[in-house]
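I opened the notebook today to look up charged side-chain pairs. The entries below follow the order in which I checked them.

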Amino acid sequence: MNKPNALKDIENRASLARITCGWKKPELPLDWVRRYWRDVHSPAITRRAGIFDYRHSQYDNVDPNFFVPLNGIDFECPSHQQLMWNSDVRYLDDAGLTAFDASPDPAVKPHLLADIDLIVDQSTTYRSLGANAHTFVDATGVATPQGPPPAPTYGIFFRQRSDEAAFRRCVRALAESWSGTDGVKRVRMSLFEVPDMAAERKAGYPIKTHPAELQYQALVELVLSDERVGKGLLASGEGIDCATHIATLHAYPVIAVYTSVYGGRPTLVGLRGYAAQQAIDALGADNQRQAGLLEWMYGPVAAGGPVEVDE
């Protein structure tokens with residue numbers, strides 16, 4: 001790919017997102033939870049039907065000093081309320097989500113969803129629909145990021161103060177402004193619907209949703225050339241009355257991101273796990289990337305081999 005907007009345009013083909021954010025049970029070691037999600041849970045999710053894009057991000061503690069302070073907005077977050085991950089699954093359309101919900105079959109799905117009871121203390125799944133799930137710019141040149149990000153990467157979570165329509169206009173204006181700011185390499189905005197517990201319960205998910213006061217109403221993913229760029233981002237939205245519409249801004253540094261499905265096809269990480277890709281890369285084992293071998297190992301989901309593309 002060599003078109004400047006290729007990565008943005010591919011992502012924007014998806015019209016529906018399910019974004020699950022949460023934290024682990026307190027008695028579980030965080031390092032093992034992260035490995036389990038990366039190398040056990042995510043490869044299983046990769047095999048479900050209907051997925052167009054699947055990324056799992058792991059967060060460090062909120063950085064309350066990421067932005068220059070602005071009166072009226074809360075940038076702090078108590079440690080026991082901080083998110084540890086974000087699993088972002090995107091679908092081309094409702095048919096994709098229907099196919100996803102129907103897989104695997106009812107005899108198998110409970111084993112897959114048992115991971116939630118195994119790992120999760122609290123988590124909330126948010127939907128983002130149509131133009132409310134939009135990538136404004138992606139100049140990173142990396143379609144399928146894997147592992148620790150090479151450039152400063154953040155998940156910026158918002159809680160609203162004003163009514164929904166005014167809040168959404170504010171977040172959209174900020175995201176659009178940030179996308180034209182020097183040093184900003186990627187901006188993906190997700191405006192969240194109010195969580196639909198009935199739909200999640202119908203799909204078989206254990207309900208461990210955060211109380212309403214801890215839920216968020218929007219997420220903007222940022223990749224920067226330098227972390228210092230973040231300091232001026234609120235100022236770059238000159239003319240946008242942030243404090244009128246935004247109650248909370250939590251900046252979560254991303255310590256790792258794993259892309260398991262891209263453009264409707266699994267990546268090598270999605271098929272084999274990140275640890276396997278690291279070993280394959282280290283030894284130049286291109287034989288272990290071959291479509292025929294992977295389809296023999298994993299079946300039709302691996303047909304055509306893994307997708308690994310850079311812009």
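I began with D281 and R289, whose side chains meet in a salt bridge at 2.1 Å, N to O. I use the term for a side-chain nitrogen of Lys or Arg within 4 Å of a carboxyl oxygen of Asp or Glu. D281 is partly exposed, at 40% relative accessibility. My cut-offs are under 20% relative accessible area for buried, over 50% for exposed and partly exposed in between, with a 1.4 Å probe and protein chains only.

A note on the source: this is a predicted model, in which local features need pLDDT of at least 70 and side-chain atom pairs count only at pLDDT 80 or more, while totals for chains, interfaces and linings use all residues. Residues are numbered from 1 along each chain as its sequence is written, and side-chain values use heavy atoms, with hydrogens and water left out.

Next I looked up D39, which forms a salt bridge with R38; their closest N and O atoms are 2.7 Å apart. D39 is partly exposed at 24% relative accessible area, whereas R38 is buried at 15%.

I then turned to R186 and E221, a salt bridge with its closest N and O atoms 3.5 Å apart. R186 lies in strand β8 (residues 184-191) and E221 in strand β9 (residues 218-224), so the pair ties together parts 35 residues apart in sequence. Strands here are DSSP runs of E, at least two residues, numbered from the N terminus. R186 is buried at 4% relative accessibility, and E221 is buried at 14%.

Which residues do salt bridges with shared partners join into one network? I listed E11, D53, R55, D88, R90, D138, R186, R188 and E221.

For the total, I noted 17 salt bridges in the structure.

Note on methods: Helices (H or I, at least four residues) and strands (E, at least two) are DSSP runs, numbered from the N terminus.
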